[in-house]
Structure formats: structure tokens, C-alpha cells
Amino acid sequence: MSACSPLEQALINGYQGGFPLEERPFALIAERLASDESRVISTIGGMLQDRRLSRFGPLYNAERLGGELVLAAMRVAEGDFATVTEQVNAFPEVAHNYRRDHPFNMWFVLATDSAEAMSNVIERIQMETGHKVYPFPKEREFYLGLWFELNDQGGRTRSIPAQPLDDPAPPDEIDRRIIQATQQGLPLATDPFQRVAEAVDCTAEEVRDRFDAMLRRGAIRRIGLVPNHYKLGFRGNGMTVWDIPDEHLETTGKRMAALDYVSHCYARPRH
């Protein structure tokens with residue numbers, strides 16, 4: 001496992017979610033961890049700089065915001081792989097793209113603001129690459145969430161209990177401005193919500209209230225530190241695809257979702 005200071009370990013273990021929606025959130029965290037505000041801010045900044053953190057801030061859920069999110073696969077010949085990777089990654093709708101050990105060796109996630117836009121980008125990728133795209137939209141979410149914990153022996157993963165959500169609601173203009181301003185993360189400043197408020201022309205209190213409302217609706221999954229598990233030393237990572245008979249899908253999905261080392265579990269259509 002990657003070496004972490006006691007403060008770095010406490011921040012990672014304690015604040016992958018639940019970031020305080022307070023006027024001076026880093027001061028509150030510092031008080032809880034017997035540290036000081038500036039040291040907490042600089043420690044998070046350092047972990048972002050050396051990429052032990054992928055990001056810091058809200059994790060948005062495109063589907064609860066009215067958008068579309070689709071896992072897609074392609075079968076790409078070895079000689080074409082580098083070229084096709086570059087072509088696919090050039091599309092701004094591509095959120096992640098991985099090479100997998102399987103005949104369908106390229107798997108990527110697409111995010112758009114509508115079903116029509118999703119169909120359009122899939123067609124454009126097929127035209128650009130000359131390869132058929134197999135979309136696997138989510139039909140049922142059994143679980144999504146994973147918390148990485150560091151300790152003196154190394155580390156472990158654990159699941160996050162699902163919370164009941166309010167009914168989804170489409171974002172209004174202020175929500176959209178807040179989302180746009182924080183997609184890359186929250187400012188590392190003593191007053192991060194005030195900085196966001198200045199960027200979107202509202203008050204810091206309104207920013208905090210809207211973050212809270214989006215959390216309750218599931219438009220934000222959580223707010224906090226997002227560890228880069230590779231950099232932290234978590235080496236085992238795999239995606240598995242199962243063909244489960246429909247009559248056993250519900251039971252099997254729930255059993256898989258209950259395992260601590262499962263980060264997400266979905267039902268998807270067959271191809």
C-alpha cells in the first residue's frame with residue numbers, strides 16, 4: 001500500500017463522503033481530526049497533486065439529473081487498438097474507457113443529457129471508428145458505492161449502505177450553473193461554497209442548500225475525497241459479466257451487491 005501520513009489516512013478513511021455543508025468545512029474537519037484548517041486543505045491538495053486522489057468534490061449522478069449513462073463495448077483488432085482508443089477518447093461524452101482481457105476488449109462509459117443524444121453519439125463513434133458499438137444501458141441498479149479504508153496492515157474495501165432518496169427533479173438554471181462550476185471539484189479554500197456562489201451569482205447558503213437537496217434526491221451520490229485506488233496500492237480490480245436466468249436475477253443481484261468488495265452491480269440487456 002502507498003505510504004500515507006496519519007492525517008492523510010484519516011481524511012481518506014473519513015471523508016470519501018459526508019463533506020460538511022458548513023461555512024468553514026475544512027475548519028470543522030480539522031477540529032474533528034485534531035489538526036488545523038490550512039494543514040487539512042494543503043494535505044488534500046497534495047494528494048490531488050500526486051494523484052492519490054482522483055478528485056475532490058461532488059460525484060454527480062447523470063441519470064438522476066435527467067441524463068443518460070450507458071456502458072458500451074467494442075471488439076477491436078490488436079493492430080487497430082491504439083487508433084480506435086484515440087478516436088473514442090476524443091468524444092467528450094466518454095467518461096471512462098478501459099482495455100479488458102476479453103474478445104470484447106474495449107469497454108467505455110458514455111454520459112449524455114438525453115436518450116436522443118446517446119443514440120447520436122453511439123452512431124458517431126461507429127462511423128468514426130468503423131466498429132460496431134454494443135450498448136448496455138442499466139436496467140436495474142442493485143448497488144453502487146465503495147469505500148476504501150487504509151490501516152496499518154494495508155487496506156480493505158467496504159460497501160456503503162443505500163439511503164432512501166427523495167423523488168428526482170430536473171435541475172433548474174441555478175442548479176445547472178452550480179453543477180457546471182463544480183464538475184471538476186470544489187475549490188480548496190477556507191470558504192469553498194462562497195467561491196462557488198461567486199462563480200454562479202447566488203449566495204453561499206443557497207449553494208449549500210442546493211447541494212443538500214441534490215444529495216437527498218440522489219443527483220449527487222456523495223461529496224468528498226475520491227481515492228485513486230491504484231495509487232493507494234489496491235491492485236486487484238476486475239469487471240465480471242454474468243448471464244443470469246431472468247427468474248434468478250433479483251436474488252442473485254442482491255447477493256452479489258451485498259459483498260464488501262463489489263463496487264457496483266447492475267442488470268443490463270443481453271447482446
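**Figure 1. Surroundings of Met106 in the predicted model.** Apart from neighbours within four places in sequence, Met106 is in contact (heavy atoms within 4.5 Å) with Ala72, Ala73, Met74, Val76, Phe81, Val84, Thr85, Val88, Asn97 and Tyr98. The residue belongs to strand S4, residues 106–112; helices (H or I, at least four residues) and strands (E, at least two) are DSSP runs, numbered from the N terminus. Met106 has a relative accessible area of 0% and is therefore buried; buried means under 20% relative accessible area, exposed over 50%, and partly exposed in between, with a 1.4 Å probe and protein chains only. Residues are numbered from 1 along each chain as its sequence is written, and side-chain values use heavy atoms, with hydrogens and water left out.

**Figure 2. Arginine charges over phenylalanine rings.** The charged end of Arg75 sits over the ring of Phe104, at 4.4 Å from its centre. For Arg99, the ring is that of Phe81, with the charged end 4.2 Å from the centre. A charge sits over a ring if NZ of Lys or CZ of Arg is within 6 Å of the ring centre and within 35 degrees of the ring normal.

**Figure 3. Aromatic cluster.** Phe19, Phe26, Phe56, Phe193 and Phe211 are linked into a cluster by ring pairs. Across the whole structure, the search finds 8 aromatic pairs. Rings of Phe, Tyr and Trp (its six-membered ring) pair if their centres lie within 6.5 Å; planes under 30 degrees apart count as stacked, over 60 as edge-to-face and the rest as tilted.

**Figure 4. Packing of helices H1 and H3.** Helix H1 (residues 6–14) packs against helix H3 (residues 37–49) at an angle of about 80°, and their axes are 10 Å apart. H1 is therefore roughly perpendicular to H3. Leu7, Glu8, Leu11 and Ile12 of H1 make the contact with Arg39, Val40, Thr43, Ile44 and Met47 of H3. Axes are lines fitted to C-alpha atoms, for helices over the stretch in contact, and angles run from 0 to 180 degrees between N-to-C directions. Angles under 35 degrees count as roughly parallel, over 145 as roughly antiparallel, 65 to 115 as roughly perpendicular and the rest as oblique.

Figure 5. The 14 residues of H8 (residues 204–217) should span 20 Å at 1.5 Å a residue, and the end C-alpha atoms are 20 Å apart, which agrees; the expected span is 1.5 Å times one less than the number of residues. Ala204, Val207, Arg208, Arg210, Phe211, Ala213, Met214 and Arg217 are the buried residues of H8. They pack against strand S1 (53–60), helix H6 (173–182), helix H7 (192–200) and strand S9 (220–227). H7 and H8 pack at an angle of about 100°, with axes 8 Å apart, so H7 is roughly perpendicular to H8. Phe193, Gln194, Val196 and Ala197 of H7 meet Ala204, Val207, Arg208 and Phe211 of H8 in this contact. Just after H8, Gly218 adopts a positive phi of about 85°.

**Figure 6. Positive phi in two loop residues.** Arg51, in the loop between H3 and S1, has a positive phi near 70° and is partly exposed at 49% relative accessibility. Asp201, in the loop between H7 and H8, has a positive phi near 65° and is exposed at 68% relative accessibility.
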